[in-house]
Amino acid sequence: MVNDRRVYLFDSTLRDGAQSQGVDFSVSDKLAIARVLDRLGLDYVEGGWPGANPTDDAFFSESPGLERSRFVAFGMTRRPGRSAENDPGLAGLLNSSAEAVCMVGKTWDFHVDVALEIKRSENVAMIADSVAHALTRKDEVMFDAEHFFDGYKANPAYAMECLEAAHKAGARWVVLCDTNGGTLPDEVARIVGAVCERIPGSHVGIHCHNDTENAVANSLAAIDAGARQVQGTINGLGERCGNANLISLIANLMLKTDYDVGLDEHALGQLTHVSRLLDDRLNRQPARHAAYVGEAAFAHKGGLHVSAVAKDPRTYEHIDPATVGNRRHIVVSDQAGRSNILARLAEIGIDLDPKDPGVNKLVDEVKAREFEGFAYDGAEASFELLARRARGEVPSYFSLARFRIMDDRRWNARGELVTESEATVTLEVAGKAKMEVADGNGPVNALDTALRKALVPLYPQLEDMRLVDYKVRILTPQAGTRAVTRVMIESADSQGRRWTTIGVSTNVIDASFNALHDGITWKLLQDGAEVPAEAAV
C-alpha cells in the first residue's frame, strides 16, 4: 500500500545553496557534500546545473556514486522557437550523469509576458515538450514551477495550466516554488490545498525561500496541505535570505509530526554533525543560535534554568539534544558532553563503560582543547587520534625535531615575478634522525612534500595519500597578525577514504604541521602500519 504520510526529501545545497553570497563550491566540495547527504539517506541530491559553469560540468562528467540518494541535475525547459530535441541547454541536462532531472519553467503570466516576451500558450508547450522529451532519456523528471505562488495569486487559471501541462506530460513531481519568498503560511496552505484538488499530492512538491523568515513554516504548511516532496538546503543556504533549512525541516518532521521522511534515528542523530561539517567546508562560523543544531540551542546560563535542568532537562528543553547529535551546555558548570563523546567513541569502535574514569578525562581534554580553538565536529580523524592516544593505542610513527621554511620572492631570468617556498624537516623515526628538503608552490605544500619525501621510503602506505582541501580560520581577529589560527586539512587515498584533521597555533605553518601530522598518523593507523625496527638515516 502507498504510504500517504511519506514525505520525500530533496536537497538543493549544491545548486541553490551555491547561490549564497560568499559560497563557492569546488568539485571536491561537491563530491564530499553529496556523499555525506547520501549517507544521511536523503531521497534526492541536486548537484547543480550542467553547462552553467566549469565546476558543474566537471562534477557532472561522471557520477559521484551515490548509493541511497538519487543524483539530480537542474536545468531549464526548452527555449522559445526551438524543439526540445534540438535545444542545446536541454541536451546538456539530459547528457549529464544524473539519474533524474529537474527543469524550471515559468508559471507567472507576468514573467511570460515581460521576461520571455512570448505567447502564453508557447510557454505551456515549452513545459510539456521538455518534460516529454526528457522522459525519453531519464526515468524521472521533475518540474520546478518558478514564481508559482505569485503567479497563482495573479492568474490561478494560467498557473494551474502550466502545472497540469507538466503533470500530464509525465513529470513525477511538480514543485511549487515561492521564488521571491514573499508568501505567508496561510497563503501557502490555501494554494497548495487547491493544487492538490487537481493534482495528487503524491506528485506535488514545495520549494520555499526565506525572505520573510517563513521558509520552514511555509514548507510545513504545504506538507500539511498535501504536498509530499519538500526541497531545501543544509543550514538554509541560498540566494538573498536563503532557502528552507533542511536540517530544521527533517528534525521537525521526525520529532514533531507523524510524517515518514524515510530516515532512521541514526540519521537524525547526525544532523548536528552534517550541519557543522558543511560550515567547516565553507570556512564559515556555525550559527550558534540555529534551531536544533546550534551551539546555543540547548545552552542554559545560571539561575532557575540551570537548577531546573539539573533535576529534569525537560523543564527547559523541548527534546533531548543528543537526539539530533547536539549537546546540553551548562554555562556555569559546563558538565555536558559525556553522552556525545561516548557515542562518537562507539562509532569508531571504542566501547567504554560510562563509569570508566577515562571518559571524564577525555571529556575534560576535549573541552580544554575546544577552549583553545580546536573543533572536533569537523575533524573526526583528529578526534579519533585524541581518544586512541589517551588509551595508548597510537604508535609514535614519527616525531618532529624541527622544521624551517624559507620563502623567496624574486624576478627570474625571463623577467617573471615568482614566489617559491623551501621546507627543511628533521624527523625522528624509530630513534633515528632523518632530514629532507623540498620545494613547493607555498610553505604548506613545501612542508607536506618534505614530510612525504622523508616518510614514504619508511611507510610506503603513504604513497597514495593526497591532500584535497586546506582551510584556515582566524579565531582571534581582534589580535590582528598575532591572531590564533585554526587549520583544517582534508586528505584522501586510493581506497576512497576521506578524513579531516585539525591544528591550532598562533603560527599558521605550525598549525598546518599539526594537522598534517594527524592526517599522516591517521592514515598509517588505519592501514595497520608498524614502526620500522630501524630507520635509515
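This is a predicted model: local features need pLDDT of at least 70, side-chain atom pairs count only at pLDDT 80 or more; totals for chains, interfaces and linings use all residues.
Strands of a sheet pair through backbone hydrogen bonds, and the pairing is either parallel or antiparallel.

Two packed helices are described by the angle between their axes and the distance between the axes. For helix H5 (residues 120-134) and helix H7 (residues 156-168), the axes come within 8 Å and cross at roughly 25 degrees. Because angles under 35 degrees count as roughly parallel, H5 is roughly parallel to H7. The crossing of H5 and H7 is right-handed. On the H5 side, the contact is made by Arg120, Asn123, Val124, Ile127, Ala128 and Val131, and on the H7 side by Tyr158, Glu161, Cys162, Ala165 and Ala166. The residues of this contact comprise 8 nonpolar, 1 polar and 2 charged.

Helix H1 (residues 27-40) packs with helix H12 (residues 271-281) at an angle of about 175 degrees, and their axes are 11 Å apart. Because angles over 145 degrees count as roughly antiparallel, H1 is roughly antiparallel to H12. H1 contributes Ser28, Asp29, Ala32, Ile33, Val36 and Leu40 to the contact, while H12 contributes Leu271, Val274, Leu277, Leu278 and Arg281. By class, the contact of H1 with H12 has 8 nonpolar residues, 1 polar residue and 2 charged residues.

Technical notes
Residues are numbered from 1 along each chain as its sequence is written. Side-chain values use heavy atoms; hydrogens and water are left out. Axes are lines fitted to C-alpha atoms, for helices over the stretch in contact, and angles run from 0 to 180 degrees between N-to-C directions. Helices (H or I, at least four residues) and strands (E, at least two) are DSSP runs, numbered from the N terminus. Angles under 35 degrees count as roughly parallel, over 145 as roughly antiparallel, 65 to 115 as roughly perpendicular and the rest as oblique. A crossing is left-handed if the near helix is turned anticlockwise from the far one by less than a right angle, and right-handed if clockwise. Contact means heavy atoms within 4.5 Å. Ala, Val, Leu, Ile, Met, Phe, Trp, Tyr, Cys and Pro count as nonpolar, Asp, Glu, Lys and Arg as charged, and the others, Gly among them, as polar.
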